[in-house]
Amino acid sequence: MDLNYNENQLLYVETVRKLVKNDITPHILEMEKAHRFPWPIIQKAWEMGVINLCIPESVKGFDVDVFSSAAIIKEISYGDTGIATSAMCNDLANVVISQHGTEEQKERFLRPFVEKPLLASFCLTEPGAGSDNSLMTSFIAKRDDGNYVLNGSKCFITNASYASQFTVLCKTGSPAGSFMACVVIPAPSVTAEDIPDVGNATRTIDLPTGGRIVIGKPEDKLGQRLSNTASVTFEDVVVHPDQIIGNRRFGFKYIMDVLDYARPMVAAIGLGLAKRALDVTIAYTAERKQFGQRICDLPVARDMITAMWKKVELAELSLIKAAWKIQEKAKDAGIYASLAKNTCAEAAVFCSTEGLHLHGGYGFTTDYEISKLARDAHIIDIYEGVREVQNMIIGREIV
Ligand SMILES: Cc1cc2nc3c(=O)[nH]c(=O)nc-3n(C[C@H](O)[C@H](O)[C@H](O)COP(=O)(O)OP(=O)(O)OC[C@H]3O[C@@H](n4cnc5c(N)ncnc54)[C@H](O)[C@@H]3O)c2cc1C
């Protein structure tokens with residue numbers, strides 16, 4: 001196993017580093033305060049071919065392996081984890097189509113993302129069904145004409161205000177039953193020109209095939225303010241059988257496959273943030289002097305910087321192992337995906353919290369990036385399965 005990037009991976013990493021260095025880092029505090037949706041960055045990332053990583057070669061013309069995907073997401077996250085969350089969400093929504101869709105479905109539902117910089121949403125969480133998604137109440141009911149009708153409400157949905165397509169998990173058969181379906185709802189496409197910034201507005205989509213989707217006001221979040229998060233309600237949305245991915249009753253299995261792919265990607269988001277927190281803290285403490293020395297030379301402060309570095313390195317190793325297990329299609333890939341998710345989230349929270357502390361009072365102001373990193377970090381320990389759920393998965397498998 002070679003821990004160095006190969007030529008291809010290096011090319012991706014250098015490309016994204018250039019985007020981050022030129023277009024994100026110098027403006028990030030200003031961008032975050034303005035709270036405008038980062039379409040220009042999404043468009044550039046699309047032009048560079050570093051989003052829509054899960055779309056297969058048969059549609060996109062090239063494949064991106066798991067290692068490269070994690071490396072790309074880590075580098076975007078070094079710039080901003082909100083932007084990375086929005087970009088990665090296309091894969092969260094589309095990977096189930098890549099993995100379980102028919103060739104026709106791949107062509108129909110994935111091709112638009114190759115042709116234009118569009119965004120997708122993955123709709124799993126509901127107000128009453130968070131960590132325990134078996135409690136969901138969204139439901140597709142079969143009609144006499146063979147089509148289905150979807151009704152239900154989802155919450156905390158990334159990209160919802162700008163999404164051109166929604167991948168939705170819902171109950172099938174009986175609303176109280178345990179079978180879930182995975183359906184894809186394409187909507188009229190939205191580009192930066194169509195909705196440059198939704199502001200505080202709701203959005204209603206009247207679907208040409210019947211029914212409507214109502215998107216709530218964007219959530220006003222503690223962190224990751226450059227990603228968009230909103231509720232999504234499906235009202236009498238007509239679903240043709242060819243919009244159902246794979247077996248109509250296998251939705252729960254597909255969620256597990258999506259999460260096994262996505263958790264290392266969230267781990268990469270955590271790792272990128274942890275590395276950024278370490279770097280800005282080293283730079284700050286190397287500049288500021290107290291007690292006649294640079295803060296980074298004061299032994300107790302040096303110990304903390306060392307502890308931050310160790311967290312980053314160990315987080316990276318956990319991510320490499322998870323990516324390798326997934327690439328190898330190992331049976332126990334799931335627990336390594338959970339391990340990487342937890343370890344990288346922990347590194348992000350630790351490095352941003354301790355990094356803020358090492359900035360003293362300045363770290364508590366919005367003039368320093370570390371305060372934004374500390375706000376951004378917490379959600380990494382929550383979305384795609386809270387820390388306790390990852391521990392539950394690991395515990396269940398190892399005992
Ligand atoms: C910014 C953001 C973006 C998001 N994007 C998406 C998206 O695109 N699509 C989507 O479907 N969802 C999305 N989510 C939802 C996210 O995945 C959920 O918030 C998360 O899964 C937790 O669900 P919950 O908020 O209902 O918390 P709950 O499930 O109510 O959990 C609350 C707390 O209870 C504890 N807890 C829960 N389960 C256990 C357990 N088994 N053992 C011990 N303790 C436990 C934990 O401390 C947990 O933090 C997003 C959320 C946010 C905030």
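Is F156, judged by its C-beta neighbours inside 10 Å, buried or exposed? In this predicted model, F156 has 20 C-beta neighbours inside 10 Å and therefore counts as buried. The legends below treat this residue and several other parts of the structure in turn.

View 1. F156 belongs to strand β3, which spans residues 148-158. The phi of F156 is about 60°, a positive value, although the residue is not a glycine. The count of 20 C-beta neighbours inside 10 Å places F156 among the buried residues, because 20 or more such atoms are required for that class.

**View 2. Strands β2 and β3 form a hairpin.** Strand β2 comprises residues 139-142 and runs antiparallel to β3, to which it is joined by four bridges. Within this pairing, A141 stands opposite V149 of β3. Five residues lie between the two strands of the hairpin.

View 3. Strand β8 covers residues 229-239, and eight bridges join it to β3 in an antiparallel arrangement.

View 4. Strand β4 (residues 163-172) and strand β5 are antiparallel and share seven bridges. In this pair, F166 stands opposite I185 of β5. Strand β5 consists of residues 180-186 and is mostly covered, with six of its seven residues buried. The pairing of β4 with β2 is parallel and rests on two bridges. There, F139 has K171 of β4 as its bridge partner.

**View 5. The ligand lies between two domains.** Domain 2 (119-249) and domain 3 (252-398) both contribute residues to the shell around the ligand, so the ligand lies between them. Of the 22 residues around the ligand, those that come nearest are L124, G130, S131, T158 and E388. The elements giving two or more residues to this shell are β1 (119-123), β3 (148-158) and α12 (387-398). By class, the shell comprises 12 nonpolar, seven polar and three charged residues.

**View 6. Helix α6 bends at N94.** Helix α6 runs over residues 81-100 and has 20 residues. The distance from its first C-alpha to its last is 28 Å, close to the 28 Å expected at 1.5 Å a residue. At N94 the helix bends by about 40°. Helix α6 is mostly covered, since 18 of its 20 residues are buried.

**View 7. Helix α7 has a kink at F109.** The 13 residues of helix α7 (residues 103-115) reach 17 Å from the first C-alpha to the last, close to the 18 Å expected at 1.5 Å a residue. A kink of about 35° lies at F109, shortly before the proline P112. F109 is also one of the buried residues of this helix, which are K106, F109, L110 and F113. An α-helix has 3.6 residues a turn, so residues three or four places apart point the same way.

View 8. P40 is located in helix α3, which comprises residues 39-48. This proline counts as partly exposed because it has 13 C-beta neighbours inside 10 Å. Between P40 and D23 the separation is 17 residues in sequence and 9.1 Å in space, taken from C-alpha to C-alpha.

View 9. N52 is found in the loop between α3 and α4 (57-60). Its phi is near 65°, a positive value in a residue other than glycine. N52 is buried because 22 other C-beta atoms lie within 10 Å.

Key: Residues numbered from 1 in each chain as written. Predicted model: local features only at pLDDT ≥ 70, side-chain atom pairs only at ≥ 80, totals over all residues. Buried ≥ 20, exposed ≤ 12 C-beta atoms within 10 Å, placed from the backbone. Pairing = 2+ DSSP bridges. Near = placed C-beta within 6 Å. Nonpolar A, V, L, I, M, F, W, Y, C, P; charged D, E, K, R; others polar. Domains from an automatic or database assignment. Expected span 1.5 Å × (residues − 1). Bend = angle between axes of the 7 residues up to and from the residue.
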